[in-house]
Amino acid sequence: MNKIPECIIHPISIKLIRQGHPWITADSFSNRFPRQSEFIVAMDDRKRPMALLIHDPVHKNVKARVWTTKYPFDQEAQHFTASLQARLDLAFEKRLKEPALKERENYYLAFGEADQLPGIFIQKLGSRVLIQLYTSFWNPYKSIIQTTIQEVFPEIKDDDVWFQLRGETRELQKLPINAADPGRRDEFHLQEFGLQYLVRLGSSYDHGLYTDMSSVRHTLKKFITNDSAVLNLYCYTGAYSLWAMKLGAKQVTSVDLSPKYIEWLQQNLGLNPDLNSAQHEALTMSVDEALVKLKNDERKFDFIICDPPSSSTDGDKRTSAIKAYKDLISKMDKVLNSKGHMVIFLNTHQVNGSKFEKTIQDVLSELKLNYKLNTRLTLGQDCPTLKGFPEGSYLKGLVLEKL
Ligand SMILES: C[S@@+](CC[C@H](N)C(=O)[O-])C[C@H]1O[C@@H](n2cnc3c(N)ncnc32)[C@H](O)[C@@H]1O
């Protein structure tokens, strides 16, 4: 192996890496890393080697990711493939030991940086796996990743291994790489907590069931009883709606702007004949419109789930979810019974948990609303997070109780 280039990194990167942050973003230092080099040894300002990096010169923002901070780096690079396999095995072993994951067919086998697998996210979806790569560094290692998975899960056939390159240019990378092959079985049913869902790997960027939300769904179990009327805002394919029905909710209303997702939700309902679909109502309209309509109709709910996209646009201006919450909370409050709960999610790393909480507390005081914070929600079980790496802790939720 050629000698690995040693490059001084930005003073802020030096500080961040020491705090456990595993990324080198684009700056005047990282933009000068030799483009053809697969690996880079990061040097501090006193020219001391401090980390072995995997390099991605084509990524717009994350130019390199920390592979290890353990010396000697040339040996680490020589044994790179073996270390990759060992890290994958360790990640799989952790999931196989987790009893909570037996209750669902969808779970993460590897969760990127927090599993020491920078940019590699692997979801087990029944008898299939979806491997999402956030850096093209991994392209030459795809077959090693696939073989390592199949050694642990020999029942997974080649046709059931899906790759998706994820990144900033979402629209251009919609399809998993093998989706055009007519022999692929890209539509199938998946079981989560005793419910069946339709999953489509080939048709859109997201496949129909958010696996990173599964543990949160389970946590919310205690808030839904057979007396609950539930409102699921931004319902997507209805995972929270079906779960509420399974838990016995007497009535569930789901709201989404997209006819395609409401149709998908209806298909999911059809897959679960033990649920009483007469107790479900779908509103294909904007959440703003739906909340006005429900208030005018004098409807009341005991549990409201609100999971907006992290930012949205009305064609003219882009609004972040956190800014939209003042108006949303005020409107949700009008249709929430007293002693009821609303769970509000924020799906971005740009606002951390405490800032989210403080903003919501300020909103509640401004609106003069009397709520108690009941539960904080974060990624769980199969989705570990890393201290010093806020980008990995993107999901946060608060359960607010109306007093
Ligand atoms: C992050 S997904 C919600 C995921 C869902 N909570 C789940 O766990 O399956 C956001 C959804 O909001 C919908 N959406 C976006 N803007 C909307 C709006 N203004 N009104 C209603 N739905 C909207 C999208 O169609 C999408 O289905």
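The model is predicted, so local features need pLDDT of at least 70 and side-chain atom pairs count only at pLDDT 80 or more, whereas totals for chains, interfaces and linings use all residues. Residues are numbered from 1 along each chain as its sequence is written, and side-chain values use heavy atoms, with hydrogens and water left out.

The protein chain has ten helices and 20 strands, where helices (H or I, at least four residues) and strands (E, at least two) are DSSP runs numbered from the N terminus. Its radius of gyration is 23 Å, close to the 22 Å that the globule rule gives for 403 residues, so the chain is as compact as a globular protein of that length; the radius is taken over C-alpha atoms, and the rule is 2.2 Å times the number of residues to the power 0.38. Along the principal axes, the C-alpha atoms fill a box of roughly 70 × 50 × 40 Å. Of the 403 residues, 53% count as buried, a term that stands for under 20% relative accessible area, with exposed meaning over 50% and partly exposed in between (1.4 Å probe, protein chains only).

Towards the end of the numbering lies helix α9, which covers residues 321-334 and reaches 19 Å from its first C-alpha to its last, close to the 20 Å expected at 1.5 Å a residue, the expected span being 1.5 Å times one less than the number of residues. Among the buried residues of α9 are Ile322, Tyr325, Leu328 and Met332.

Helix α10, residues 353-366, also has its length given as 14 residues, and it reaches 20 Å from its first C-alpha to its last. In α10, the residues Phe356, Glu357, Ile360, Val363 and Leu364 are buried. Seen down the axis of α10, these buried residues fall within an arc of 125°, so they line one face of the helix, the arc being that of the directions from the helix axis to the C-beta atoms. The face turned away from this buried side carries the exposed residues Ser354, Lys358 and Glu366. What covers the buried residues of α10 includes α9 and the strands β18, β19 and β20, and α10 is followed by Lys368, whose phi is positive, near 55°.

Elsewhere, Ser214 has its place in helix α5, residues 214-219, and is buried, with a relative accessible area of 0%. Leaving aside residues up to four places away in sequence, Ser214 touches Arg104, Asn106, Glu192 and Phe193, contact meaning heavy atoms within 4.5 Å.
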